[in-house]
Structure formats: structure tokens, C-alpha cells
Amino acid sequence: MNIQIYGAGIAGTYLFHLLSENGYKVSIWDKRKEPDCRCAWGIVYKEAKRFYSEIGLNFDDYVLLKPRYVVANGLWLKNRDIVIFDKKRLLSDLWVDLSVSDNPELIIDATGVSRAFLPPIHEDRVLPTSQCIEKHDVEENIYIQMEKTGYAWAFPLGERKWHVGAGNVEREKIPVFINKLREKYGFEESERACQCSAKVRLLQPSKCLPFVSGNIVGVGEAIGCVSGAGEGNAPSLASAMILFDCINRGNLSEYEGRILKELEWVEVEQRFVDAMLNNKYLSAIRLLPKIIAIENGRTVQHSVKDIRKLINI
Ligand SMILES: Cc1cc2nc3c(=O)[nH]c(=O)nc-3n(C[C@H](O)[C@H](O)[C@H](O)COP(=O)(O)OP(=O)(O)OC[C@H]3O[C@@H](n4cnc5c(N)ncnc54)[C@H](O)[C@@H]3O)c2cc1C
């Protein structure tokens, strides 16, 4: 089968290597000249390690550091398994000659938030973000300041470098959020090595249907594989692995069902975001035990009491 992937982000590059190493005729093309370097460098270590080992890549070579704590609204939560990795270098190593093939039988939409090939999503929810790299002498933890409509973050990159940024449904609140984070944790404004803006889709997979339209199939953030906390790296890798398996078995008709089932935890977290944004606090509280169970096993150690304190309900 002749396959064309559009989008060489985390999902597209991973799927490209899974397919090409298993004998498929596959091309990949991206509208950029080089991989995106925006801050999205946090990932659950054991998931990344397992996925990348499937294409013979040693994820350890890209790990920059493992913060001891995730400090959210002043609450110190023990980090379970989140590491910061050099995503730009990893993607650069996975980029191959970009090309577009003639008459592909299957087109993969791995264009992330753009979802450039699949039909548009009715009532999409996309969070604008703004971020930069600065130098700071702050203890190397992940710092987060969140409110109902968004959050600000500071992620350590080592050698005093930090990704500092924020996302908010109301774009004009982004600088306010960043300033709150600066004041709370001591990230005084300093010279910026770079600055950019981006967007992240915060909508559960079930609201991003269809995943398949004619000979086009979506993967990664294009089909809503981003958790309620804005975590899309590991879910995008997971969706690429599911898609590879469906292509390999010649059974694309199973794809939508498998994404919804195997990434149900993403769905649950996004339902929580829905409930919070719509002031349905009782529904949000009911989802908490499920969310705690999911996240205690992978990201941070916390309790229902901690989260209620965090989000003020
Ligand atoms: C500021 C910010 C911080 C984040 N931090 C984290 C984090 O710490 N941890 C985490 O897990 N997730 C994080 N995320 C989310 C995560 O980055 C994404 O969910 C994830 O990268 C999605 O992977 P993807 O491959 O589906 O899409 P992307 O990584 O966005 O890749 C899509 C690719 O498609 C290309 N493209 C777009 N349109 C076209 C087109 N028409 N033709 C060809 N190519 C096209 C783009 O150039 C890009 O290279 C963050 C997101 C943002 C915005």
C-alpha cells in the first residue's frame, strides 16, 4: 500500500518509522522546514521508552531531566514519572527526506491542531498559548498556576533554561496568568532566548469524529488525543501505534472504536474540563476518583482532597 503522511510532529514521525520499518511504501511531508520547537517537552517516561523502543530509538538519549515535584497552585505533588525530553532533537533525528507521493491509497492527517485534511470539527475547542525560553535560578520542578479557563507553566530544561508560558480560552488573559506564575514562584522577567505562540486542542476524541473520511485517516491531536491537562505527546504516540496496528491487520474499520476504548482516560479528563468550564461542579467531583486513579499511576501522586483544593471546589 502507498501511504502519504502529512504532518511530521510526534504522531506523524513515529507512524512513519513504524510503517517504513515494516516494509510499507510511505512518504511524509510537513509544511515546516524543520521540527517545531515550541515547549511541549514533558512526557511520561515509561510510555515514551516503550513506544520508541518499537522503532529502535533509545529514548534515554533524549531525556534532559526528571523534576522531583510538580508544584501546582502552591501544592507540592510528588512527580511519579514525568521527564523533560529534548523534543526538538528527537524530532530532528526522526525527520527524513520530506516528500509527497503520487496517488497515495491512504492519506494520514497528522497535522495536529490544524486537522488540515479531515473534515472540520463542529464546535472545536482550541486553547491559544504563548511561550518563551528564559534563564532562571529556580529549583528544577515543574511549576503550574491554574484557574478554570487555563494555566501558566514553567518547565525546566537544564542549564538554568526554562520554558515559561500559558494557555487560556481567553487569549487576553495569557499575560496575566504568566505574571501570576512569575510572582508566585519567583520567575522574574528576564531576557528571552525565543518566543512563540501556538494552539492546543482541548476536546475529547469522541467529539473529534470522524477519524476516517474516505481514504483519509487522522492521528494524534488531529483527532483529539490530548489529555485534560494539555498532555498530547504520549496519547499521540499511542494513537499512532493503534493506527499502525489497524493498517497492519488490514482492519481500519476498527480504528475509531479502538481509539475511543484504548484512550478512554483522555476522554474522561476532557469531560472533567467540560464540567469545570460549564460550572457543573458536581459532575466534575464525580469524575475525580477516576482521574486520580489514572494520574496516580503515571504523572503525579495526589488525592481527591488535593485536586479539590487545587481547583477550589
Ligand atoms: C505550548 C504547548 C505546550 C505543550 N506542552 C506539552 C507537554 O509538555 N507535554 C505533552 O504531552 N503535550 C504538550 N502539548 C501538546 C502536544 O504538543 C501536542 O498534543 C502534540 O505535539 C500533538 O502531536 P501531533 O503529532 O498530533 O501534532 P504536532 O506535534 O502539532 O505536529 C503536527 C505537524 O503537522 C504540521 N502541519 C500542520 N499543518 C500541515 C499541513 N497542512 N501540511 C503538512 N504539515 C502540516 C505541523 O507543522 C507539525 O509539524 C503542548 C502543546 C502546546 C501548544
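Visitor: How many C-beta neighbours does Tyr-69 have inside 10 Å, and what does the residue count as with that number?

Guide: Tyr-69 has 17 C-beta neighbours inside 10 Å, and it therefore counts as partly exposed. On this scale a residue is buried with 20 or more other C-beta atoms within 10 Å of its own, exposed with 12 or fewer, and partly exposed in between, the C-beta atoms being placed from the backbone. The model is a predicted one, in which local features need pLDDT of at least 70 and side-chain atom pairs count only at pLDDT 80 or more, while totals for chains, interfaces and linings use all residues. Residues are numbered from 1 along each chain as its sequence is written.

Let us begin with the strand that holds this residue. Tyr-69 is part of strand β5, residues 69–72. Strands (E, at least two residues) and helices (H or I, at least four) are DSSP runs, numbered from the N terminus. Leaving aside residues up to four places away in sequence, Tyr-69 touches Trp-76, Leu-77, Lys-78, Asn-79 and Asn-141; such a contact requires C-beta atoms, placed from the backbone, within 7 Å. Along the chain, Tyr-69 and Val-300 are 231 residues apart, but their C-alpha atoms are separated by 8.2 Å.

The strand pairings come next; two strands pair if DSSP finds at least two bridges between them. Four bridges join β5 and β6 in the antiparallel sense, and Leu-75 in β6 is the residue opposite Ala-72. The two strands form a hairpin with two residues between them, and Asn-73 in this turn has a positive phi of about 45°. With strand β10, residues 142–147, β5 runs parallel and is joined by three bridges. Here Ala-72 stands opposite Ile-144. In a regular strand the side chains alternate between the two faces of the sheet.

The partner of β16 is β6 (residues 75–79), to which it pairs in the antiparallel sense over two bridges. Asn-79 has Val-300 of β16 as its bridge partner.

Between two strands of the sheet, β11 (150–158) and β12 (161–168), a loop contains Arg-160. Although this residue is not a glycine, its phi is positive, near 70°. Arg-160 is exposed, because 12 other C-beta atoms lie within 10 Å. A further loop, between β13 and β14 (212–213), contains Pro-210. The peptide bond that leads from Leu-209 to Pro-210 is cis, with omega near 0°.

Other strands also pair. β1 (residues 2–6) runs parallel to β8 (residues 106–109), with four bridges, and Asp-109 in β8 is the bridge partner of Tyr-6. β8 also pairs in the parallel sense with β15 (residues 216–218), over three bridges.

Turning to the helices, we find that α1 is mostly covered, with 10 of its 11 residues buried. These buried residues pack against β1, β2 (25–29), α2 (45–53), α3 (87–94), β8 and α5. Two packed helices are described by the angle between their axes and the distance between the axes. For α1 and α5 the angle is about 35° and the axes are 9 Å apart; the axes are lines fitted to C-alpha atoms over the stretch in contact, and angles run from 0 to 180 degrees between N-to-C directions. By class, this contact has 10 nonpolar, three polar and no charged residues. Ala, Val, Leu, Ile, Met, Phe, Trp, Tyr, Cys and Pro count as nonpolar, Asp, Glu, Lys and Arg as charged, and the others, Gly among them, as polar.

Finally, there is the ligand. It is surrounded by 38 residues, of which the closest are Gly-7, Gly-9, Gly-112, Gly-220 and Gly-232; a residue is near a molecule if its C-beta atom, placed from the backbone, lies within 6 Å of it. The elements that give two or more residues to this shell are α1 (10–20), β3 (42–44), β9 (126–135), β13 (192–201) and α5 (233–248). The shell divides into 16 nonpolar, 15 polar and seven charged residues.

Note on methods:
Two residues are in contact if their C-beta atoms, placed from the backbone, lie within 7 Å.
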